[in-house]
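Subject: Structure handover

Hello,

Here is the structure you were going to look at. Please open it next to this email and find each residue as you read.

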Amino acid sequence: MSILLNSLKPTTSLAHSVGGSALAAGRRITAARSVQDQASIFGNPRSRSRLINPTVHWQLQRWQSQQTGGGAAGGAGDYQLGPSNEIQPTPGTQHFGGDGNGEGGGSKGGGKGKNPDWKGTSFKMFEAAATTAASIAILGLAGYGYHKYYKHLVLKKIHVAFEPGDPVLELAAAGHDVPVPHDDEHWIWRKEQDFLNAIVRGDITGHYYLLVGEKGTGKTSMLLDAMRKIDGDRCSMLEAHADAEIFRSRLGKAIDFEYHEDYIGSLFSIRGPRETTPILDIERAFNKLEKVALAKKKEEGKPLILIINSMHLLRDDDEGRDILELLQQRAESWAATGLITMIFNSDDYWVYERLKQYGSRMEVISIKDLPRAQAVIALQKYRKRYKKPEMPAPILEQVYERVGGRLAFLNRVAKSDDPLKMCDEIIRFEKTWLLNQCGLLGSSMDDDVMNQQKYASSAMVLVKHLVELEQQQEVIYDPEEGHKLPQLPLYQARQVMTRAEFIQQYDHMNIFTIDSESNVRADSVPMQNAFRQVVSEPGFAQYLDDTLERIADIESLGRTREITIKDLWYGGKYNMTVKDRKGNVEKVISWDVEEGKRGGDGGDED
């Protein structure tokens, strides 16, 4: 007991050896309490933990355990009691890190120390390395498994996209552009329909096809009707666009390909393949589509059908030509193998002109206006479909004479309560469109609008020429075939206009059309009627000549440079001397201006 009390007195020295905070706590305890109070405090573990600094508490516990255990672990034997009643550390003998049994880094009763436990350390290192390797292996297997699953899912989604039931048919049926299966009596049958049906069914392979025709002739409706007959099985349709990103998005929607935008492989530190250009994305989509087509070919023995509508919306620039070239290369290779039959639909001639350069397996299907007999039947069916009263035969004839066999115009006339008034409205609209795009400004135009007037005057020159050709034709209307619109070859049209680059823009603006045989004519019967009205206006020919003359004058002024010699004004004179090689004067030439004379001999006097 006396040893315990004496050991409690030098608490200040013990706290000093452990730390500054312990020293302050020991001093507060020594000054406040007696030895007996200290004994009671340290005897109560709860009070001791409350009052003594945690560092002092730990050191005291350690010292007491060493005293009761008889060992010298952790430096417990390094302290000895001296006359000063203070605990003094023995130099060179203090060690820490031993275990509770007095083994480890300290001395045991002043005995010899033991070597570290390398076996336990090695086991812990091996355990940590094995845990890390297992974690990496599990992560790698999970990433690889997801990657394989994702690739399988991509092909499965594309496969489902060519199953029966195409979204395009649902949209068309909702808009009543395609008759429902029990409403075939309202549909307009054309001779090209049977051929398109055989292509879409997969009965004809080895080629890809380009449908060329004016806007509103029924090209898209025929394709939708062919798809409806097989419920869209093995078929998919998309609309082209001038922007490559939008075209890429529409292609992905048509074949249900996400371009790896839903790929989460980055969670497994696998870089996604989306960082690329739109054209490269289209190429990747075609690679996936080709794998699905191979599987479909083995299952059913028929090719897939991919229809790209509105190809004329692609721009005739580098990006548009790159997309068109990519599509044609795929169409050529797939047509040769019979995997996929591609069908392009275009209103403009330039698409055909570009594809013709490398189109060894391309076939062109030209879609024109309906002949007279079919146009009359179509108009009657449209009236019945919209529940309008039937037209008398004379009214039907007048309607055809004014708007021809264009299905888009016949549809608008059939909806109207006054068909003849609607025909006049269509002609007026076409005339307004022509004048808005190609109106003339005459001889008073400014030089800033010369380029626009070159475009407009070239169109009007061709308009005038087509009207003159019509007047020279022997037959302009056949009772069986219908209208015989005047036309001329493309190279002659360029000669008439004296411009080669404008005709493609006229075709895109639906003023003139260029068919698959490279013939140029008015875009439609109402447009030809508008041509007649414009040319027949009083003073049109003179107004056109004035515009052309003004354009020539502006161009001449741009090429002419005027030189003015001010010394000749008001009787000025120049003398020029001609000398030989020895310096002798041979002759003197005088240069002056006679007053009142302009333009040389025969000039008018002022």
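A salt bridge here means a side-chain nitrogen of Lys or Arg that lies within 4 Å of a carboxyl oxygen of Asp or Glu. Side chains of opposite charge can pair when their charged atoms come close. Please keep in mind that the model is predicted.

Salt bridges

By that definition, the whole structure contains 29 salt bridges. One of them joins Arg-521 to Glu-214, with 3.2 Å between the closest N and O atoms. Where do these two residues sit in the chain? Arg-521 belongs to strand β12 (residues 519-522), while Glu-214 is in the loop between β3 (208-213) and α10 (219-228), so the pair ties together parts that are 307 residues apart in sequence. Are Arg-521 and Glu-214 buried or exposed? Both Arg-521 and Glu-214 are buried.

Arg-521 also has a salt bridge with Asp-515, at 3.0 Å from N to O. Asp-515 is buried, as is Arg-521.

Some salt bridges share partners, and in this way Glu-163, Arg-234, Lys-296 and Glu-300 are joined into one network. Arg-234 is placed in the loop between α10 and β4 (235-239). Why does Arg-234 count as buried? The relative accessibility of Arg-234 is 4%, and buried means under 20%.

Helix α13

Another salt bridge is found between Arg-321 and Asp-318, whose closest N and O atoms are 2.9 Å apart. How far apart are Arg-321 and Asp-318 along helix α13? They are three residues apart, so about one helical turn separates them. Arg-321 is partly exposed, at 23% relative accessibility. Asp-318 has 55% and counts as exposed, because the cut-off for exposed is over 50%.

Asp-243, Glu-319, Asp-322 and Glu-325 gather on the surface as a patch of negative charge. Glu-319 is in helix α13, which covers residues 318-337. The relative accessible area of Glu-319 is 33%, so this residue is partly exposed.

Aromatic rings

How many aromatic pairs does the structure hold? There are 15 aromatic pairs. In one of them, the ring centres of Tyr-150 and Tyr-263 are 5.0 Å apart and the ring planes meet at 75°, so the pair is edge-to-face. This pair links distant parts of the chain, since Tyr-150 is in helix α7 (residues 118-161) and Tyr-263 is in the loop between α11 (244-255) and α12 (278-300), 113 residues apart. Tyr-150 and Tyr-263 are buried.

Ring pairs also build a cluster, which is made up of Tyr-455, Phe-502, Tyr-506, Phe-512 and Phe-531.

Ile-589 is part of strand β14 (residues 585-592). With 35% relative accessibility, Ile-589 is partly exposed.

You will find Thr-498 in the loop between α20 (490-497) and α21 (502-508). Thr-498 is exposed, and its relative accessible area is 62%.

Two further pairs bring together residues from separate places in the sequence. Tyr-352 and Leu-210 are 142 residues apart in sequence, yet their C-alpha atoms are 7.5 Å apart in space. Tyr-352 lies in helix α14 (residues 349-356), and at 11% relative accessibility Tyr-352 is buried.

The second pair is Glu-480 and Gln-374, which are 106 residues apart along the chain and have 9.8 Å between their C-alpha atoms. Glu-480 sits in the loop between β8 (477-478) and β9 (482-483). Is Glu-480 buried or exposed? At 58% relative accessibility, Glu-480 counts as exposed.

Regards

Definitions and conventions: Residues are numbered from 1 along each chain as its sequence is written. This is a predicted model: local features need pLDDT of at least 70, side-chain atom pairs count only at pLDDT 80 or more; totals for chains, interfaces and linings use all residues. Side-chain values use heavy atoms; hydrogens and water are left out. Patches are made of residues with over 30% relative accessible area and no salt bridge: like charges are joined within 9 Å, nonpolar side chains (Val, Leu, Ile, Met, Phe, Trp, Tyr) within 5 Å. Accessible areas come from the Shrake-Rupley method with a 1.4 Å probe; for residues, only the protein chains shown count as cover. Lys and Arg count as positive and Asp and Glu as negative; His and the chain ends are not counted. The place of a charge is taken as NZ of Lys, CZ of Arg, CG of Asp or CD of Glu. Helices (H or I, at least four residues) and strands (E, at least two) are DSSP runs, numbered from the N terminus. Buried means under 20% relative accessible area, exposed over 50%, partly exposed in between (1.4 Å probe, protein chains only). Rings of Phe, Tyr and Trp (its six-membered ring) pair if their centres lie within 6.5 Å; planes under 30 degrees apart count as stacked, over 60 as edge-to-face and the rest as tilted.
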